[in-house]
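Please find below a colleague's note on the structure you asked about. It is set out as numbered points for reading alongside the sequence and the 3D view.

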Amino acid sequence: MPDPLLSVEDLTVEYGGAVRALRGVSLSVEAGSVVAVLGSNGAGKTTLLRAVSQSLGSVGGRVTAGRVRFDGRDLARHDASAAVRAGLVQVPEGRRIFRDLTVEENLRAGGYTVRDARARRAATERVFRLFPILAERRHQRGGLLSGGQQQMLAMGRALMTSPKLLLLDEPSLGLAPQLVEQIGDIIEQIHAQGTSVLLIEQNAAMGLRVADRAYVLEVGVVSTRGSSAELAATDEIRDRYLGVAAPDTDHVVQDAPPAAAAHLQRSTPARAQELRVEDLTVRFGGITALSGVSFTVGAGTVHALIGPNGAGKSTCINVLGGAYRATSGTVHYGDAAVTSLPAHRIADLGVARTFQNISLSLEASVEDNLLVGRHRVMRTRTSAQALRLPRARREERAERAAVRRIADLLGIAPLLDRAVHTLSYGDRKRVEMGRALASEPTLLLLDEPVAGMTHGESAVMADAIRAVQRELGLSVLLVEHDMPFVMGLAERVTVLDFGKRIAEGTPREVQRDPEVLRAYLGTAAA
Amino acid sequence: MKHRIRAALALAGCAAVLAACSTEDPNAGQGGTAQGGSAGDVRTGTGVTADTITVGMLTDLSGPFAAGAAVQVAETRAYYEKVNADGGICDRDVQVDVQDHGYDPQKAVALYRSMASNVVALQQVLGGPTSAAVLPLAQADGLYLGGHGWAGVALQYENAQIPGTTYGIESANAIDYLVDELGVAPGGKVGVVYFVGDYGNDSLAGAQYAAQQRGLEVVPQEITPRDTDLTAQASALQQAGVSAVILGAAPAQLASLAGVMSAQGLNVPIIGNTPTFGPSLLQTPAGPALEQNFYTVTSIAPFSLDKPGVQAARELYATAAPDGETGWEVPLAYAQAELLTNALRGACDAGDLTPEGVVTAMRGTADLDTEGLFATPMDFTDPAKPPTRTVYVSRASAQADGGLEVLGTVEGPSAQSFPVG
Amino acid sequence: MSYFLTQLANGLSYGLILGLIAVGFVIVFTSTGVLNFAHGSVLLTGAYLVAVLHDPIGFWAAVVVGIAGAALLGVLINAVLVRNLAEANPGTAAILMLGVDILLLTELTRRIGNRVLPIGAPWGADVVTLGGVTLPTSRAVAAGLAVLVFGLLWFLFARTGFGVAMRAAAADGDTASLMGIRLSRTGAAGWALAGALAAIAGIFLASFPAPGVAPALAISAFAAIPAWVLGGFDSVVGAIVGGLIIGVVTALAVGYETQLHFLGRGLGEVVPYAVMILVLLVRPSGLFGREEAVRA
């Protein structure tokens, strides 16, 4: 048997000499195969890819034991650039396209190491054949592409060097189901053209579909390995990552009463109110992001906003949170006209939100980030805190206790002392959610709360949301692509496409709507 | 922020260079015979022992004015070596304690504090902001302070010795010279391009006073040491129709202004204050324009003046620094050393070689002849009045040593009546 | 009218020179994240080399040496100091650059002394007159050359692989290194470019109507800071436009100071900063700056 293209042997990686993100991980990628690495957030998947592509340095990580052999060579002591020249290219998590460069320039940057102009042209042609949409938009700036197109650009950019091995970090992150399917097809095509692929996925269904072999990474060690078919058949994988036994709403609510629920208490009497969005239109320059959208979120209900990438969902959340101004139309929360208030006044109404691109203080600890959320409800003045008066100290203890309850609920209590920048994407999502909850909102706006999470993790998140909603009686408006999550949680669903409302109803009604199937869910959901 | 600091520094530096000049009489036989005096009869204080007299120089050897300061230090040291070789002062050798304040007022103050208990007088505190910081302290200590430039503010201090006259009087003389000698008619306009700060504002005030006296109109243009391209200023002056320009700035500004004005066909006289000129300007593209239009009014004699005092300064410098830069710093350093030597000898003769005795001796000098280093005999008896109101007028000339050819001396009517202090 | 046009032409040509300097600030900032407060002394170094070498080796050869020397100095500062910083903290680097600036400036001041060194350019103190507008020849040459240089920069950044790589590295260095782009190379290239541009600007700032090379030349580089900031810190186009705005506004403020005397004297000194603040009030990220505003 020939040597594998990539072999990782007993790899251990540390961050800052303290946190051990990988402990003795071994895996191999045979030439011409597709290998998937599954695992929860914080398992060390991204660290593994960075160790392979020799790009740990920029995030402060270091290989302390083991080695990475690629194509018969030990890659240690080489930099990322040498790895690229050797034929190993990584597509980073979150796509990270160069927003200010045109599509063509992005590809050119990707092909930087290709010295031969003819080879570069041929590579460009190949990428355009694989992604015809990129050829159409070759002169557009990368930042103007939709999420799915950006993922294609990120992959095309990496393919410019005609690598032997392509490393993909969460290619389906934040994409609509239909697009996830398309990306899966493209990975198969890339494979068919002779490129080996090492793929990290939280969407285990997609990962196992395209991969020959898979590894499951848990807290820095490989827990399971095998062919995709073997893994897909094991109960544990089905349970935790595939969510095959998709729970219906009633089942979960009765079966898993969240343990922490009883401890949450409002410090002020405030009640959820009805949120009425009427004829909302938002234009940026010449682009209409939302056009005459109306819907109502009943007091104390969970409402979902779904639709393809670029349908205007985040825009809608941004108007509700006060970050964008409505061009026309109104939004009322109870009696207050949200559309005419600045962002901080909207927060005073009891509206809290999370962001798609997570917005946390990276250097501060998780606990401090959550305490920031308490700011709105804390009574003691800053001066009293500065003087550390007894009253302030009492309150601080109470606040820390409140924050701990929220952390328990979201499963992030063990992370309270960690600095946010050491956390994985999914854990950051939960911290952000915790911060929003800490402000004791009556309306919670969640932008892709479970993007980047495994099925098991998103189930925990769903439980948590359900628990706080019941305990605090709050309303929730969420934007999400994870259909089992949405269908299991939301009472009503509004579907947007190209800035217009194309359907609304209960999850069951919406799932059967032919218009929704065509625009969004695709064949997989049918 | 940074550039403001630097601008301030540079400005201060220019002021410092200016301040550094002062002259004293060469061998002007002050009746008393210092050499002959008997050491035993003299009261002494700080800075004087049985066989040495220590004088201090706080100068800028590492900052923006290092080059000009070095010329002055070399000349001053050579001067005292010669004095010592000729028998010293009051039977004592003179030692010069040179310290580098690097153009930093904080550092100047600290150095002053450590120096004040070891010296009988300060030969020089170079720099506008540095001398401004040290002047009040020296006043409180009753310590003679020379070589601090020509800013009018020094007239408030009993212990400060102005080496000549003030910038204001220089500029008033410039206006008088324009009217009386260069044919600027009453009703005409005169541009004044000046540095913001003590130096430039003094210069502007003198020009404005004199212009009013002589029926001229002043067109002011404020600049900073950072401005080295004065095209816009020159165009504005041309637009205003000026028939002459007075410049209270530094060599870089002079070269630019003269070059641009000439290029624009505005060939009118430019008269600069003492620190405005440097001989290296004549090698720049502005050289021809300078030779055609530039005049300067100076308290200190230009390097090329054919008078015994200046000649002595030149000869001394030729041996001390044969390859050194030649400029007005040479006669200035020589003259300042003469002034202090004169005060020291006077103090010795009066039997009081203490710091206070030196200041008293300086203030007792009513008619000091400097053999041409200054334009007239110097009268230091009234602290509130400058020792003279007469200036040298010279014009740029590539043939002359130091780049300036002396035309004569001036003390015009406005300069005589200009209210100083 | 011709007075106005003269001032305008002056302002434009001066603005283009400021643009050369400001672009250097931008390129260093985007390629290595450093606020390069040593830019002024790099500029002075380039001009100083030309001033001392034009006599022995001829003006044009001296120009080549001056530009190469300033570029090399930039590369050295980057290689020796910036790349060895333990933490990529912009504040630390900026303060380090202040230190470098003081060191270089002290040494150059010591060498130059109180002399003004002529730059020895063939255009000397000539002027060109066109339709009643008089402009120093050096400024006309500067303007033409600056436009040419900006054209070359455009070609570099838009048409060559290395230029695109530099932009990619500036936009997202971490990702760019995953593409095989060596940040050490793009960083060095950025410093070299900035040094070369500074030397070109220095030669013209030391040419007529300025007298020659004097230490104060280093300070004039800081006149480009408002241009850099109002253009948006990270935009080459912004730096050029910023330079033109500052150049024209300064020239007009000084040229019409007599008419504007109610605003006080010394207007030319203040106006660039006033314009900068006004622009930042209206557009906090500058004219062409990348919007850092909240995006959900």
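1. The structure is a predicted model. Every value in this note should be read with that in mind.

2. Which chains meet. Two pairs of chains are in contact, and chains B and C share the most contacts. Chain A and chain B are joined by no contact, and their closest C-alpha atoms lie 30 Å apart. Chain C, by comparison, is in contact with chain A and with chain B.

3. Extent of the interface of chains B and C. Here 42 residues of chain B are in contact with 39 residues of chain C. The size of an interface is often given as the accessible area lost when the parts come together. For chain B and chain C the buried area is about 3,400 Å², with 61% of it on carbon and sulfur atoms.

4. How many salt bridges are found across the interface of chain B and chain C? There is one salt bridge. D229(B) and R139(C) meet through their side chains in a salt bridge, with an N to O distance of 2.7 Å. Four residue pairs are in polar contact across the interface of chain B and chain C, both residues being at pLDDT 80 or more.

5. Elements of chain B that face chain C. On the side of chain B that touches chain C, at least two residues each come from α1 (2–19), α2 (66–85), α6 (198–214), β7 (217–223), α7 (231–240) and α8 (251–263). The largest share, seven residues, is supplied by α8(B). By class, this side of chain B has 17 nonpolar, 17 polar and eight charged residues.

6. Extent of the interface of chains C and A. In this pair, 24 residues of chain C are in contact with 32 residues of chain A. About 2,400 Å² is buried between chain C and chain A, and carbon and sulfur atoms give 56% of that area.

7. Polar links between chains C and A. Five salt bridges are counted between chain C and chain A. D79(A) forms a salt bridge with R182(C), and the closest N and O atoms of the two are 3.3 Å apart. The count of residue pairs in polar contact between chain C and chain A is 10, both residues being at pLDDT 80 or more.

8. Elements of chain C that face chain A. Helices α5 (137–159), α6 (161–171) and α7 (173–178) of chain C each give at least two residues to the side that touches chain A. Of these residues, seven belong to α6(C), the largest share. This side of chain C comprises 12 nonpolar, five polar and seven charged residues.

9. Chain B as a whole. Chain B contains 13 helices and 13 strands. It has 421 residues, of which 65% count as buried. Among its contacts with a separation of 6 or more, 75% are between residues 24 or more positions apart. The accessible surface of chain B is about 13,200 Å², and 49% of it belongs to carbon and sulfur atoms.

10. One residue of chain B. D97(B) is located in strand β3 (residues 93–100) of chain B. Is D97(B) buried or partly exposed? Its relative accessible area is 21%, so D97(B) is partly exposed. Leaving out residues up to four places away in sequence, D97(B) touches T54(B), V55(B), G56(B), M57(B) and M115(B). The side chains of D97(B) and Q99(B) are joined by a polar contact of 3.1 Å.

Terms used. Residues numbered from 1 in each chain as written. Chains lettered and ligands numbered in written order. Predicted model: local features only at pLDDT ≥ 70, side-chain atom pairs only at ≥ 80, totals over all residues. Heavy atoms only, no water. Contact = heavy atoms within 4.5 Å. Buried area = accessible area lost by both parts, 1.4 Å probe. Salt bridge = Lys/Arg side-chain N within 4 Å of Asp/Glu carboxyl O. Polar contact = N/O pair within 3.5 Å; in protein donor to acceptor, adjacent residues only side chain to side chain. Helix = DSSP H or I, 4+ residues; strand = E, 2+ residues; numbered from the N terminus. Nonpolar A, V, L, I, M, F, W, Y, C, P; charged D, E, K, R; others polar. Buried < 20%, exposed > 50% of the residue type's maximum accessible area, 1.4 Å probe, protein only. Areas by Shrake-Rupley, 256 points an atom, 1.4 Å probe, with all protein chains shown as cover.
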